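Subject: Structure for you to look at

Hello,

Here is the structure I said I would pass on. Please open it beside this message and find the residues as you read.

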Amino acid sequence: MKRKIRKSILNLMKKIPINEESLYKKLFESSLWNDAKTVALTMSTDDELNTMPIIERGLAEKKQILIPKTFAKGKMEFFEFTSINDLCKTKFGILEPNGEQEPIKKNEIDLIIVPGIAFSKINNQRIGYGGGFYDRYLQNYQGKTVSLVRKIQLVDSKWILELTDVPVQNLIVEEINDEK
């Protein structure tokens, strides 16, 4: 079921434009963002919401911005973002820190912006890209989580949850032009 939902939503994401501005605006106006001193998020790929404006805004507001690096056996750590030049491309084409510095401890992260492909309207469960990196990382994370969600990523369907699945605490959903 997850695989079918993932494939369907990914196809829609490639065809339907995103209202990035509404998502940025809602995020930047939220207490989640404004209360956070340390924000962790991924470097986006072409088919995802562009995270660079979020990174730039965070740096302008003197927030500590963190980017994940993945390791073997599904492990992931967050490192401070200092410059785009300190990132390297993975075999999947994702920019990650080179890992030459110490990772930031979980308890030092105020907010994690969690990526995903599909989100349940019912219980904020998410379907990611299938690697389980975020679910593993979030298992004992005590800070706040949010996902920036396109309307087409919200689903009514229920899917079988795995023991390792961790729901996102907050969803910020894009506004479509006729809803303003």
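Below is what was found in it, beginning with the whole chain and ending with single residues.

This is a predicted model, in which local features need pLDDT of at least 70 and side-chain atom pairs count only at pLDDT 80 or more, while totals for chains, interfaces and linings use all residues. Residues are numbered from 1 along each chain as its sequence is written, and side-chain values use heavy atoms, with hydrogens and water left out.

**The whole chain**

The chain has five helices and 11 strands. Both are DSSP runs numbered from the N terminus: helices are H or I with at least four residues, strands are E with at least two. Along the principal axes, the C-alpha atoms fill a box of roughly 40 × 40 × 30 Å. The radius of gyration is 16 Å, which agrees with the value near 16 Å for a compact globule of 180 residues. That radius is taken over C-alpha atoms, and the globule rule is 2.2 Å times the number of residues to the power 0.38.

Of the 180 residues, 46% are buried. Buried means under 20% relative accessible area, exposed means over 50%, and partly exposed lies in between (1.4 Å probe, protein chains only). The chain exposes about 10,200 Å², and carbon and sulfur atoms supply 50% of that area. Accessible areas come from the Shrake-Rupley method with a 1.4 Å probe; for residues, only the protein chains shown count as cover.

A contact means heavy atoms within 4.5 Å. Among contacts between residues at least 6 apart in sequence, 73% join residues at least 24 apart.

**Salt bridges**

Side chains of opposite charge can pair when their charged atoms come close. The rule used here asks for a side-chain nitrogen of Lys or Arg within 4 Å of a carboxyl oxygen of Asp or Glu. By this rule there are nine salt bridges.

In one of them, Arg57 pairs with Glu61, and the closest N and O atoms are 2.5 Å apart. Arg57 counts as partly exposed because its relative accessibility is 35%. Glu61 is partly exposed as well, at 32%. Glu61 also forms a salt bridge with Lys63, with 3.9 Å from N to O. Lys63 has a relative accessibility of 9%, so Lys63 counts as buried.

Another salt bridge joins Lys69 and Glu96, whose closest N and O atoms are 4.0 Å apart. This pair links distant parts of the chain: Lys69 is in strand β2 (residues 64-70) and Glu96 in strand β5 (residues 95-97), 27 residues apart. Lys69 is buried at 15%, and Glu96 is buried at 7%.

**Buried residues and what they touch**

Which residues does Glu77 contact, leaving aside its neighbours within four places in sequence? They are Ile67, Pro68, Lys69, Phe71, Pro103, Ile104 and Tyr137. Glu77 lies in strand β3 (residues 76-80) and counts as buried because its relative accessibility is 18%.

Ile5 is in helix α1 (residues 2-15) and is buried, with a relative accessible area of 8%. Not counting residues up to four places away in sequence, Ile5 touches Ala118, Ile127, Val155, Ser157 and Trp159. Ile5 and Gly58 are 53 residues apart in sequence and 32 Å apart in space, C-alpha to C-alpha.

In helix α2 (residues 20-29), the buried residues are Ser22, Leu23, Tyr24, Leu27 and Phe28. The buried residues of α2 pack against α3 (31-35), α4 (52-60), β6 (111-113), β9 (144-149) and β11 (170-173).

**Two positive phi values**

Most residues other than glycine have a negative phi. Lys62 has a phi near 65°, a positive value in a residue other than glycine. Lys62 is found in the loop between α4 and β2 and counts as exposed because its relative accessibility is 72%. Lys73 is not a glycine either, and has a positive phi of about 60°. Lys73 lies in the loop between β2 and β3 and, at 83% relative accessibility, counts as exposed.

Regards
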